[in-house]
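User: I'm new to this and would like to learn how to read the place where two chains meet. Can you walk me through it?

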Amino acid sequence: MAQEASSSTSSKTISLKTGDGEIFEIEASAAKQMKTVQRLIDDLGDDITIPLHNVFSKELPKIIEYYKKDITGEITKDFEAEFVKDLNDDEVKVLFLAANYLDANKLFEFLSQNIADRLESKSVEYVRKYFGVENDFTPEEESKLREERAWSFRGIKEDE
Amino acid sequence: MEISPTTSNAKVSNHIPDDLVNSILYKLPIKSLKHFECVCKSWSHLIIDSYFMTVYRNYLLSKDHSFYDDTSILLHSTKKVKYDLYSLSGERFENKVKLDWPKVPLHPSVRGVKIKHSIHDISKDNVPPSRVGDFSFEILRPISINGTLCLEYPEIPDINDHTKLILWNPTTKEFKVIYLHKSNHLSDVWAHHYQFGYDHVKNDYKMI
């Protein structure tokens, strides 16, 4: 196996393999921000390709992009806005779950806030679908609750 | 050669597990949070759980963004017969919102029951609500704790000589009426001796 040319940690790259078999490179200092990855490196060594069974080639590059920016200390509100701009709600959900799996705290916090922002004015039905949650209220219970909470229903978008 | 698993994103669950749901809920504004109590029973129980609310409140207070830029002025209008409360917000306080008074049953205390310095939950009493806006009131300092106001009503007649205070959160519409026993020998100065506060240790509001 070829040794990395540079021996300093900061420019060393780690190979990550997604659940669907693709390999991506990431700098060791960025990998440190993902505790799951770092734990695997600690266990398996940093010359081996680290397998990430629950992360796939669709989302890993995006995550790497985020942390690449992070290690240069440049994550701004504008960057974050741009980062999620073209993602739909389900794509953000996938990234959010991946960030959780990778134990990538900064990204996780950012994405959970983004999901909250997106759900803010959504309907109850949309939220149920999004979280895969069943409505277990009886029709009477639900209408009573809605009546009590009528003030909170103002400004809600209809289901998209 | 390694066989790639045929699992695609679709098979790996895109279901957000319960423990992660909280991290999203904590970041919602209070209006949405209350709204989503209707999602399902477990959410409804979770959102009113006091531990959840404590963490939620801590999140809210530790946010360093515009929540605090959004301070409002409370405008107390004393028209002759009715009293109105308005919240003014925005950069130049141009957004004026009239706060809807809570439908609070404010009634003379039940005869014979002297409630001394205790909180009487009268939501179960079948008393028609008085029009709170008909009475003059004072807002006790500090004006607002976590969005809750404490209003004092010195003028509401009370056969047991109780002072009425209402703890009221205009955002969530929740309220609690407190009847305090006026101590006779302090009758001249009692009005100024109440303080309203929040106890971090006991995680509750305190009246002194």
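**Where chain B meets chain A**

Analyst: Let's start with one pair: B:Lys41 forms a salt bridge with A:Glu141, their closest N and O atoms lying 3.6 Å apart. A salt bridge here is a side-chain nitrogen of Lys or Arg within 4 Å of a carboxyl oxygen of Asp or Glu. This is a predicted model, where local features need pLDDT of at least 70 and side-chain atom pairs count only at pLDDT 80 or more, while totals for chains, interfaces and linings use all residues. Residues are numbered from 1 along each chain as its sequence is written, chains are lettered from A and ligands numbered from 1 in the order in which they are written, and side-chain values use heavy atoms, leaving out hydrogens and water.

User: How many salt bridges does the rule find across the interface of chain B and chain A?

Analyst: Two.

User: And how much area do chain B and chain A bury between them?

Analyst: The size of an interface is often given as the accessible area lost when the parts come together. Here that's about 3300 Å², 65% of it on carbon and sulfur atoms (accessible area with a 1.4 Å probe, summed over both parts). B:Lys27, B:His35 and B:Cys38 supply 19% of what chain B buries against chain A, more than any other three residues.

User: Which residues of H5(A) and H1(B) make the contact between them?

Analyst: A:Phe96, A:Leu97 and A:Asn100 on H5(A), and B:Leu20, B:Ser23 and B:Ile24 on H1(B); contact means heavy atoms within 4.5 Å.

Conventions:
Helices (H or I, at least four residues) and strands (E, at least two) are DSSP runs, numbered from the N terminus. Buried area is the accessible area (1.4 Å probe) that two parts lose on being put together, summed over both.
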